[in-house]
Amino acid sequence: MKAQIEICNLHYRLGSHSEVQADILRGISLSIKKGSFVAVVGENGSGKTTLLKHINGLLLPSTGSVRVEGIDTKDLQHVRNLRSKVGMVFQDPAHQIVASTVEEDIAFGLENLNLPSKTIQSIVTDQLISAGLSAEASRPPHLLSCGQIQRLALAGVLARQPSVILFDEPTSMLDPLSRSNLLARIRDLKQHGITIIYVTHHMEEAVKADRVIVMKQGKVFMEGSPDEIFVNNDKLYEIGLEAPEAITMARGFRTLGWKISPSVLTDESLLNTLPQYDRPCGVSPVEPVSEQSEKLIGFRDVRYTYLSGSPLAKKALRGVNLDINLQRVHGIVGSNGSGKSTLLQHINGILRASSGHIRVDQFVIKDKEPPLREIIKQVGLVFQNPETQFFEVFVGDEIAYGPKQFDFNDLRDRVSSAMALVGLDFETFKDRRLETLSGGEKRKVALASTLILDQNILLFDEPTAGMDPRSRDDLLTLFGNLNDEGKTIVIASHRMEELAEVTNDLSIMHAGQVEISGKSKNILQNTTILRQTGLEPPLAVRLSRQLIMNGWPIDGKNTTTGKRLIQTIREVTR
Amino acid sequence: MSSRYEFLGNTAIAQYIPKSSWFHQRDPRARLLSFIVIFFAVVFTPDVVGLSIGLICVTIIHILANLSIKPTLRVIRRALPFIIILAILQILFSKPSDTDSILWCFFGFVITHHAAMNALIMICRFLVLISLINALVMSISTSQVTTALFHLLKPFEGIGFPVNDFTMVVQITLRYLPLVAQLAEKTAKAQAARGGDWEQKGFNPIRQAKRVLPLIVPLMVNSLRRAETMAIAMESRGFNASEKRSSFYSLNFGWWDGLLLILAIAMSTFIFLINKLI
């Protein structure tokens with residue numbers, strides 16, 4: 001069968017006439033068959049998005065060629081035809097929304113095809129129904145939730161009936177439910193013969209593809225079926241990637257002597273291969289001594305409405321009750337739009353509640369008092385995608401912004417130690433322009449910019465979104481270190497595996513309220529409430545539940561992470 | 001309370017809420033043209049009687065479109081201090097003629113009856129215009145504006161007017177304003193969260209300027225970056241300014257639309273010529 005996409009010795013460099021710039025893509029050759037599902041993985045800056053943009057002709061090769069169904073992307077006469085064949089869903093789907101209402105945005109691509117109004121209206125209606133956005137048809141897109149924007153972006157692409165769809169990390173902003181819905185939709189598209197090229201940092205998504213391409217520094221580092229790629233996972237770790245958690249867990253189980261087939265790649269297949277317990281008795285797990293801790297942050301019936309009094313008013317918090325204890329790592333988990341970010345912004349006083357009572361350390365936070373600057377000395381907040389909010393030119397100035405506002409005089413020492421804390425060398429980076437940094441380095445600068453104020457309470461909003469596995473591991477280690485220094489850390493996220501690893505306590509938010517709070521190990525076991533709120537328990541929890549059903553005498557509360565689960569089973573079987 | 005960082009709430013654009021009122025059902029061209037003719041009549045009417053009729057028109061639009069008066073009053077409240085400052089300046093610095101009756105003299109300033117009347121008319125004119133514009137943004141969506149413009153300007157395509165480009169520029173601009181407001185909100189919050197001076201109380205223009213200046217550069221840079229991304233997104237979705245495009249909306253100008261337009265033209269003429277009639 002002839003390939004649908006043929007990429008031949010593709011090189012790409014910014015400003016194709018410059019000899020100084022290094023190539024971003026360096027000799028990529030690939031051929032992709034029609035109807036296949038190809039995942040592209042690689043660390044930040046490896047050239048994944050650049051490769052994607054070559055397939056629909058948004059970027060043109062410096063040398064080499066890219067052909068889609070026989071059309072050379074350099075052939076400008078066929079650009080319209082090429083764009084009809086190849087659709088693209090961007091990393092931040094909000095960036096590809098062009099029109100002022102949902103239905104008009106779906107129509108945008110069809111208007112470009114110069115179709116009659118009646119045809120456009122009929123296709124738009126179909127797409128609204130299949131994307132589940134009929135009720136939102138007349139709403140402005142910037143008021144939709146992340147999941148809805150993602151569906152809108154995909155609907156806009158599908159309306160043009162492309163034969164290839166390019167996805168650039170489409171799930172990095174999505175909660176587990178929206179993520180699994182999107183993946184199901186993608187599988188459905190593949191069934192209908194659409195070729196999918198899917199860039200991701202999540203190996204558990206890549207494992208579902210027919211073929212995986214691993215990129216490193218602008219080259220194809222490895223290529224093959226998911227089992228070929230992920231079985232050889234030592235090589236993956238060398239370049240900052242890791243195997244899907246199911247494969248890592250399967251390896252762990254094999255060290256216990258369990259016979260797990262090498263073909264087990266996904267969560268579902270691993271859950272189905274767990275053995276029955278066949279010994280007469282096991283060691284009862286020991287419940288650790290419960291820690292008593294002082295309450296540091298308290299919310300009582302806190303309510304907040306965005307754009308209050310305007311036609312666009314939206315209730316974000318609907319009576320939040322929450323306690324966060326001193327020197328703990330507290331996770332706030334919830335689906336997109338559940339109110340996590342709004343809650344964090346109430347802890348550092350940037351938003352003030354419409355009603356209710358908030359206490360943060362010694363402050364009772366009211367409408368006007370205390371002043372924000374007083375709270376900020378105690379509470380630091382790292383926003384979601386903080387690197388998009390830089391406002392200085394050089395790394396050193398960006399990090400020093402906070403201390404300058406408070407007239408600290410030991411600026412240089414502070415900047416230097418904050419950079420060391422996140423793993424950036426002071427001399428190498430202080431005078432670098434921010435736009436020359438890689439994605440991972442930018443995130444580190446953003447973290448250093450907050451950590452420099454050395455506050456006792458640190459808030460992080462979706463801190464690992466869009467990070468490659470190695471950077472993610474570094475950040476989780478940093479959280480542990482900061483907590484060891486006595487800092488109280490609050491993390492809002494929907495990445496259950498990460499929260500299971502780093503948090504002591506967990507609160508689940510849903511529709512502007514805290515549904516339940518408690519020790520992480522207890523909350524993560526509550527699969528009913530997790531699923532009710534659109535979340536998915538971590539794999540380790542699902543495995544331990546299956547093992548308990550298989551007769552294993554383990555306590556699910558102590559097995560919420562992979563490492564703890566393996567350790568517990570080892571003790572039971574000893 | 002409303003947060004000081006909710007810049008989106010301060011933009012009039014994107015306040016449109018779809019309704020099924022008689023006014024909302026009219027052809028966007030009729031609605032847009034009606035607003036335009038009343039707008040110009042209010043701008044050019046020379047006296048208070050004309051403005052009073054303008055106010056009646058605005059009230060009728062609010063009733064026909066089933067609009068709440070609260071958002072309009074809120075916008076007026078925000079704009080009022082600036083309008084009053086303008087009026088005071090007008091009173092203080094208008095040049096009295098020999099025939100003007102003097103109301104008050106102090107510190108070399110002469111306040112005449114004529115200047116006071118002009119200032120009053122200016123305040124009324126601004127208030128009517130603000131109410132009218134607010135009624136416009138609440139009763140006609142940005143996309144209906146662009147569609148109406150596209151169809152109204154279509155005849156000028158024959159003489160080389162780039163209708164396609166022009167309406168796309170309007171659409172992108174209107175789509176962009178809320179995005180810029182959101183960007184400003186994010187950057188201001190990021191600065192405030194790191195000790196940036198965003199919560200100074202009282203009216204201190206120098207401090208306010210010092211507060212806003214650091215916001216301008218990142219806002220410009222981020223807006224340009226966002227514009228570039230949007231251009232790429234448009235391109236990837238098949239937009240090409242040199243090729244013909246169609247429209248999602250098929251417009252149908254009916255009798256009721258014609259009636260609305262005739263009424264608007266009649267009222268505008270009345271507003272404009274009232275002082276000559278009485």
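Student: How many salt bridges does a search of the whole structure find over all chains?

Tutor: The search finds 27 salt bridges over all chains, where a salt bridge is a side-chain nitrogen of Lys or Arg within 4 Å of a carboxyl oxygen of Asp or Glu. This is a predicted model, in which local features need pLDDT of at least 70 and side-chain atom pairs count only at pLDDT 80 or more, while totals for chains, interfaces and linings use all residues. Residues are numbered from 1 along each chain as its sequence is written, chains are lettered from A and ligands numbered from 1 in the order in which they are written, and side-chain values use heavy atoms, with hydrogens and water left out.

Student: And what's the count between chain B and chain A?

Tutor: Between chain B and chain A the count is 4 salt bridges. In one of them the side chains of B:R194 and A:E398 meet at 3.0 Å, N to O.

Student: What does A:D105 form a salt bridge with?

Tutor: Its partner is B:R237, and the closest N and O atoms are 3.1 Å apart. The pair joins two chains, because A:D105 lies in helix α3 of chain A and B:R237 in the loop between α7 (205-236) and α8 (255-277) of chain B. Helices here are DSSP runs (H or I, at least four residues), numbered from the N terminus.

Student: OK, how much area is buried between chain B and chain A?

Tutor: About 5800 Å² is buried, of which carbon and sulfur atoms give 52%; buried area is the accessible area (1.4 Å probe) that two parts lose on being put together, summed over both. The contact, meaning heavy atoms within 4.5 Å, takes 55 residues from chain B and 72 residues from chain A.

Student: Switching to helices, at what angle do α1 and α8 of chain B pack?

Tutor: Helix α1 (residues 28-44) of chain B packs against α8(B) at about 5°, with the axes 8 Å apart. They are therefore roughly parallel to each other, a term for angles under 35 degrees.

Student: Which residues meet there?

Tutor: Among them are B:L33 and B:V37 in α1(B), and B:L261 and B:I265 in α8(B).

Note on methods. Axes fitted to C-alpha atoms, helices over the stretch in contact; angles between N-to-C directions. Parallel < 35°, antiparallel > 145°, perpendicular 65-115°, else oblique.
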